[in-house]
Amino acid sequence: MEKIRFAIAIPTYNRIDQLKKTINSILSQKIEKNVELSVVISNSASDDGTYEFLNRFKKKNFYIHNKKKKFKNNENFQYFNFENLASTIPENTDWVWWVGDDDFFNSSNSVNYVAQKIIKYKSENISLIHACQTRRATGKSIDIKDTLFNLCNKFGYHELLGWISSLVLTKDIMKRTLQECSKNKFLPRTLANKKGFKEKIPSAFTHSIEIFKQCSNKNALILDHPNLIDPQDFVQTKETKKQWTNDSVGYRYSLIIDDFLELQKMGLINKCSSNFFRYLSYKYWDHLALFYISELLTIGNQKEIKITQFFIDKVEQQWIKLSQFNQFLESSYDLKQLSHVFQAGLNYSMLYINSGFKTEIGELLLDKFKTLINIPTHSFKLTISDTVSLVPN
């Protein structure tokens, strides 16, 4: 029987209760004899008891990088965790499943199921596996195989590469991805001072672009199975919202267009289906438009906001950045839809600002526009397409 050396890699920060649930879901896994499982955890900065818990935790085949480091304002613990994971993953590992510390395996057969699929498709030279989130699976237990680019073009770049807990990669690709991402470890945790920050600010999806660079033309596999992995919290917690605010994740979402421009410059993407830019139930530009408008309404609801030319230019530049998606779209229909979102969003934003943030203008234009673009354009499920290679379970 062919064997596989399989690792689970977990970066963690101040989520001791969630981490314990993640670890318990790993300990409950039923692993066949041909699977050699190891678990790699990196904690670089937690101050909630995670350090003490991991310091006492002794289990066979657990490789733990555990430090009680205090980070400076110009250091980002997330990327230090990535660097430490890369150096801690055992060299003899074949494949690695990257798992968030607030997610969990919701079946005792999750790891074994994926490992056996890797063995089954060994001759296909698969480089990446997307393990479908349970609540997004269709329930058909179907394997979908194609190049990564083709799968992204049918199901979405963000859909396949955004959520780290769906990503199972060969060891070499995983380590290169972690190492490349860790180059951003001196990115300030908070980008409130980003106006004076001279280095290039990465998007919120540095891991996605690094994986795509390595795998776009390689074979990948989607496992549309209903019992693999899920988030522990389906609604963002207060702690996560605070962390995302500190890490300027909302602002960095908008920078994904820079990732696409870089991929275009490298010749890895050109004209794409609009599905390539799917973001859960929306298009990516709808998601950004909602973010821009919500941010502007929040500012407008504050008292005594001084409207400067710098502020006006910043808002205008946001919408212009959103319009840059047009150079990637192959369909005239999609181009038309994008242009409507761009033009209406820009015009309504400027009317609201020029009115001095009048509540009536916000409610009449921006709130109603938000309601319109908030209408889903996709099912929440990771929809199956008849045009891809489908292999029954």
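The count comes to 17 salt bridges, a salt bridge being a side-chain nitrogen of Lys or Arg within 4 Å of a carboxyl oxygen of Asp or Glu. The model is predicted, so that local features need pLDDT of at least 70 and side-chain atom pairs count only at pLDDT 80 or more, whereas totals for chains, interfaces and linings use all residues. Residues are numbered from 1 along each chain as its sequence is written, and side-chain values use heavy atoms, with hydrogens and water left out.

**Lysine 171 and glutamate 91**
- Lysine 171 forms a salt bridge with glutamate 91, with 3.3 Å between the closest N and O atoms.
- This pair links distant parts of the chain, 80 residues apart, with lysine 171 in helix 7 (171–181) and glutamate 91 in the loop between helix 3 (77–88) and strand 4 (95–98); helices (H or I, at least four residues) and strands (E, at least two) are DSSP runs numbered from the N terminus.
- Lysine 171 is buried at 11% relative accessible area, whereas glutamate 91 is exposed at 56% (buried means under 20%, exposed over 50%, partly exposed in between, with a 1.4 Å probe and protein chains only).
- Glu91 and Lys171 are linked with Asp172 and Lys175 in a network of salt bridges.

**Lysine 213 and glutamate 262**
- The closest N and O atoms of the salt bridge between lysine 213 and glutamate 262 are 2.7 Å apart.
- Lysine 213 belongs to helix 8 (206–215) and glutamate 262 to helix 11 (256–265), so the pair ties together parts 49 residues apart in sequence.
- Lysine 213 is partly exposed at 25%, and glutamate 262 is partly exposed at 26%.
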